[in-house]
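Hello,

Here is the structure I promised to pass on. My notes on it follow below.

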Amino acid sequence: MGNDLADVLVVGAGPTGLVLACDLARRGAAVRIVDRSPAPPRTSRAKGPNARSLEILDDLGVADEVLAAGSDPLPMLKYRDRLPVAETDPWADSAPSPDAPYDRGRLIAQWRLEEILRDRLAGYGVRVELGREVVGLTEAADGRHVDVTFAEDRTECVRYVVGCDGAHSSVRKLLGIGFEGTTAEDQVMVCGDVDLAQGALDRTRWHQWFDEDGAVMLCPIPGTRTGWWFQAGPERDGRGRPLAPTADGFRRLLARHTALPGRALTRAELLSTYRVNVRMADRFRAGRVFLAGDAAHVHAVAGGLGMNTGIQDAFNLGWKLGLVLAGHAGAELLDTYEEERLPVATRTLDLTSERLRATLEAIRRPGGGLDAAITLDTTGLGVGYRWSSLARAHDEAPRPDEAPRPDETPRPNETPRPGDGLPGSPQPGDRAPDAPCVDAATGARTRLHRVFAGPRTTVLGFGPGSAAVLREVAAAYGDTGVRTCRVYAPYEGGARSGPGTAVVDDEGHAAAAYGTGTSDDRDTETDTDTDTDTDTDTGTRTGTATGTVIVVRPDHHLGLSAPADDAGSVHAYLRRLHGAGRPRNGSPALVDAARKG
């Protein structure tokens with residue numbers, strides 16, 4: 001096909017599709033995004049990103065805007081028989097830490113988050129194509145593109161398609177992929193966005209009325225003066241069947257369960273009925289077509305993981321598509337999307353179902369509420385991929401018999417595998433910890449996740465012995481998708497110059513987070529009879545094993561941890577993701593040649 005062939009068509013312009021499109025666009029991919037709606041939806045269904053999604057939004061450059069537009073999670077005021085009986089702040093004992101500066105999520109209307117992401121995408125010259133419904137998908141006989149047919153009877157060709165079009169996904173149905181699971185017809189909730197008379201309720205609380213015959217929950221929508229998220233048990237007819245939501249029905253529910261009169265509800269829109277669905281696609285890929293977000297998995301609302309799991313699907317897939325499209329990685333890299341995200345989805349279905357059971361049990365008792373759904377698991381910070389073929393521990397092949405849960409994180413008493421660092425340090429596949437540090441060139445405060453930001457793989461070097469590997473990596477890859485960063489301990493002197501970025505771990509948080517040693521290891525700077533290498537950054541001759549090299553994937557997960565004298569493992573891992581590096585003549589033809597396919 002010609003060079004005007006689009007690289008990726010994203011179907012569905014919710015948070016999942018927008019995050020994916022933004023990630024691909026900043027990588028220079030020719031991405032398009034379509035949505036069947038004639039106008040951007042004004043839905044507020046999801047209440048906002050969790051801690052891990054905030055890290056992703058930070059990487060995309062929109063976290064500050066999201067934080068400004070939203071609010072912190074609110075304390076929950078619980079009522080029984082119209083009277084307040086308990087107040088709980090699920091995040092009262094939580095605080096940011098050096099390795100996780102976002103310790104909680106953010107409340108923000110979904111429409112506002114989508115607006116922020118659309119603006120970011122427009123900055124790359126990409127706009128959502130509204131009113132475009134996909135009705136046909138056919139992979140070409142040569143397997144090199146997909147023919148996409150739209151409702152207006154127009155067919156267009158693209159290299160890859162990603163269905164981010166929700167639980168009723170047309171893409172999934174067109175592929176014939178099963179969506180097995182259950183629907184709990186008796187677990188029903190009516191929802192909507194409402195306005196209450198100004199001053200009717202304290203907007204610094206999430207109000208929750210749980211009675212034996214029903215419930216009403218009202219949470220203020222950030223950025224509005226009188227807007228609230230309304231959730232309630234439905235009204236029922238004489239046979240006990242749930243009635244469709246209406247504004248008058250919401251007023252009756254408000255008067256029945258709260259001390260407010262029905263007339264206090266002045267507006268109700270975006271009304272919907274929610275039933276608990278627990279379903280997952282049989283597979284997340286069919287040839288050149290992928291599924292992400294609700295198109296791939298739906299689950300109980302408890303814990304607020306629906307939108308967040310979709311955002312994290314997109315962040316996992318985006319960099320892999322980008323490397324394959326650029327011609328750096330082979331198409332087999334795309335197999336790791338399902339390999340990594342399908343187990344995460346399975347675990348998420350189990351987790352949210354368990355949190356729903358805990359919540360339903362809690363609200364039977366006066367003082368129980370939605371805080372029962374919130375645990376450390378729901379922050380998303382513990383999700384990792386230790387079982388993945390992309391998780392390598394120092395020239396060791398993946399162990400099929402070691403497949404921990406997707407949310408399993410290292411524990412202090414664990415014995416690390418070779419190359420994993422000290423006990424308690426992150427293992428390959430885990431989320432890469434953040435850490436505050438100092439930019440060695442400017443002296444400005446920064447942090448490791450700022451170093452990681454952007455569409456590149458990062459090679460971190462700890463200790464003088466890592467300098468040689470960093471120089472080799474910089475020489476091989478330059479600006480072709482790999483950055484190097486030397487992490488200096490505060491006691492290391494010298495000019496602190498060399499290839500790539502350099503930071504000073506002035507408070508020791510990076511070394512502690514990655515388990516690379518402590519500042520007491522100063523005797524490594526003595527000359528010995530062992531194999532040595534000169535650190536051009538410090539002028540010190542040291543043993544080549546004095547240090548650790550860590551490869552951080554573009555999605556902030558550890559790919560490889562190796563001692564500094566194992567350059568071979570580092571180069572082998574990078575070749576899998578980025579090929580052999582830039583051509584010696586500096587020719588950019590590799591990308592163009594890849595796109596012609």
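The largest nonpolar core has 102 residues, and Val-8, Ile-33, Val-148, Val-161, Val-162, Leu-321 and Val-570 touch the most other members. A nonpolar core here is a set of buried Ala, Val, Leu, Ile, Met, Phe, Trp, Tyr and Cys residues joined through side-chain atoms within 4.5 Å. Buried means under 20% relative accessible area, exposed over 50%, and partly exposed in between (1.4 Å probe, protein chains only). Helix α7 (residues 306–325) gives the most to this core, 10 residues. Helices (H or I, at least four residues) and strands (E, at least two) are DSSP runs, numbered from the N terminus.

Keep in mind that this is a predicted model: local features need pLDDT of at least 70, side-chain atom pairs count only at pLDDT 80 or more, and totals for chains, interfaces and linings use all residues. Residues are numbered from 1 along each chain as its sequence is written, and side-chain values use heavy atoms, without hydrogens and water.

Next, the sheet. Eight strands form an open sheet with mixed pairing, in the order β4-β3-β10-β11-β12-β9-β13-β16. β4 (83–88) and β16 (297–298) are at the edges with a single partner strand each, so one side of each has no neighbour in the sheet. Strands pair if DSSP finds at least two bridges between them. β9 (residues 179–196) and β12 (residues 227–232) are antiparallel, with six bridges. Val-190 has Ala-232 in β12 as its bridge partner.

Now look at His-207. It sits in strand β10 (residues 206–211). His-207 counts as buried, at 2% relative accessibility. Its side chain makes a polar contact of 2.8 Å with that of Tyr-79. A polar contact is a pair of N or O atoms within 3.5 Å; within protein, one must be able to donate a hydrogen and the other to accept it, and residues adjacent in sequence count only if both atoms are side-chain atoms. His-207 and Tyr-79 are 128 residues apart in sequence, yet 7.8 Å apart in space, C-alpha to C-alpha. The His-207 side chain also reaches the backbone oxygen of Asp-202 at 2.8 Å.

Last, two backbone points. Most residues other than glycine have a negative phi. Asp-81, not a glycine, has a positive phi of about 55°. Asp-81 lies in the loop between β3 (76–80) and β4 and is exposed, at 58% relative accessible area. Leu-270 also has a positive phi, near 55°. Leu-270 is in strand β13 and is partly exposed, at 37%.

Best wishes
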